[in-house]
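Please read the following points with the model open.

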Amino acid sequence: MSARPGPGSLLETAMAFQRAKLLLAGLELGLFELLAEGPADEETVRARLGLHPRGTGDFLAALAAAGVLVHDGRGYRNSEEAARTLVRGGQEYLGGFLRVADQVMYPAWGRLAEALRTGAPQAGTYSGTDMFGQLYGDDGKRSAFVGMAEDASRPLVPALLRAFDWGSCTDVLELGGCRGSVLAALVAAYPRLRATVLDLPALRPEFDARMKELGTAGRIGFHGADFFTDPLPEAQTVMIGHCLVDWTDKQRRALIARVFPAVRPGGTFLVWDPMVVPGDESCLRNLVRSLNFQLMTPHGTSYRVDALAAMLRDAGFAEVGHASLGRDVTLVTARKAG
């Protein structure tokens, strides 16, 4: 007989928001940045962050018990993972993503039942159906959204470099490439690669600033356009990451149909997203992410990897395969006949 989960496991699931808020509050307070300077005892943390003595001791001890912090004779310090992902400047920094999660996603999840009743998104950062138009029209919201997108994509770059034969690629067009950070990593590894970001014109200032910051100004082009309505430039490789989840199946099919003629004969279309892969250990997590897309966007849901493969074949792509990039993200590779 298989063991059945007891009431303790259900209670732990129901109360998981408490542990989540421990980490998110630490990020909001600047705790991990403080401890990046060196170990600190409770009194130092209280004084530096302006915290009340009533809860600070339990707060720090709980983070240590959860493995986020380490406590030793010198006080508290960041765990290796916290230092890598929660402190600015780290290659795997997730702080931008998690701040948006705390400020926007967390309240929206409190209205999940309402979303299930109505089908309407619950994010408070926009209204109506033109989410990107409203977010990109506001400087603060645009920067927060772009930072979140980059935090989600940055850790995948090493796997993306390994998963595709970039050495034989001459040029690449990234749809929805924001500030060009992914392409900057590709160009750094393959200097002969010609690369272009296609995204909404409102992102051009963000793109220019990022290229200057990375020292890649002039090496990556920016094509301001709406990939649903404007002509797509041709390229040997077209790619789109963390983006198809923002749309419905109908919209995904329409975009794939527009991409097919833009891929040169013999070229490739690359898609990566947190797709639902039945039987994979990521399946539950990506089903939960699908609900998150429904809470956060007017149209978005996750989708099954086999459903995307069928869409790509229907559009005319001859060979379709997929591989894991890690972090619950799947890369689908669709080749066009030569």
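1. Arg210 is buried, as its relative accessible area is 12%; buried means under 20% relative accessible area, exposed over 50% and partly exposed in between, with a 1.4 Å probe and protein chains only. Helices (H or I, at least four residues) and strands (E, at least two) are DSSP runs numbered from the N terminus.

2. On provenance, this is a predicted model, in which local features need pLDDT of at least 70 and side-chain atom pairs count only at pLDDT 80 or more, while totals for chains, interfaces and linings use all residues. Residues are numbered from 1 along each chain as its sequence is written, and side-chain values use heavy atoms, with hydrogens and water left out.

3. The salt bridge count comes to 21. One of them joins Glu234 and Arg264, with the closest N and O atoms 3.9 Å apart. This pair links distant parts of the chain, 30 residues apart: Glu234 is in the loop between E5 and E6, and Arg264 is in strand E7 (residues 263–273). Glu234 is exposed at 52%, whereas Arg264 is partly exposed at 30%. Both belong to a network of salt bridges that also links Asp171 and Arg194.

4. Arg253 and Asp314 also meet in a salt bridge, at 3.4 Å from N to O. Arg253 lies in helix H14 and Asp314 in helix H16 (residues 305–315), so the pair ties together parts that are 61 residues apart in sequence. Arg253 is partly exposed at 41%; Asp314 is exposed at 59%.

5. There are six aromatic pairs. Rings of Phe, Tyr and Trp (its six-membered ring) pair if their centres lie within 6.5 Å; planes under 30 degrees apart count as stacked, over 60 as edge-to-face and the rest as tilted. The rings of Phe207 and Phe222 have centres 5.1 Å apart and planes at 40 degrees, so this pair is tilted. Phe207 in helix H13 (residues 204–214) and Phe222 in strand E5 (residues 220–224) are 15 residues apart. Phe207 is buried at 3%, and Phe222 is buried at 14%.

6. Phe228 and Trp247 form an edge-to-face pair, 4.8 Å centre to centre with 80 degrees between the planes. Phe228 lies in the loop between E5 and strand E6 (235–241) and Trp247 in the loop between E6 and helix H14 (249–259), so the pair ties together parts 19 residues apart in sequence. Phe228 is partly exposed at 22%, while Trp247 is buried at 11%. Together with Phe227 they form one aromatic cluster.

7. Which cysteine has the sulfur nearest to that of Cys243? A search of the whole structure finds zero disulfides, a disulfide being a pair of cysteine sulfur atoms within 2.5 Å. For Cys243 the nearest cysteine sulfur is that of Cys178, 8.0 Å away. Cys243 is buried at 8% relative accessibility.

8. In helix H15, the buried residues are Cys283, Asn286, Ser290, Asn292, Phe293, Leu295 and Met296. Cys283 has 19% relative accessibility, so it counts as buried.

Conventions: Salt bridge = Lys/Arg side-chain N within 4 Å of Asp/Glu carboxyl O.
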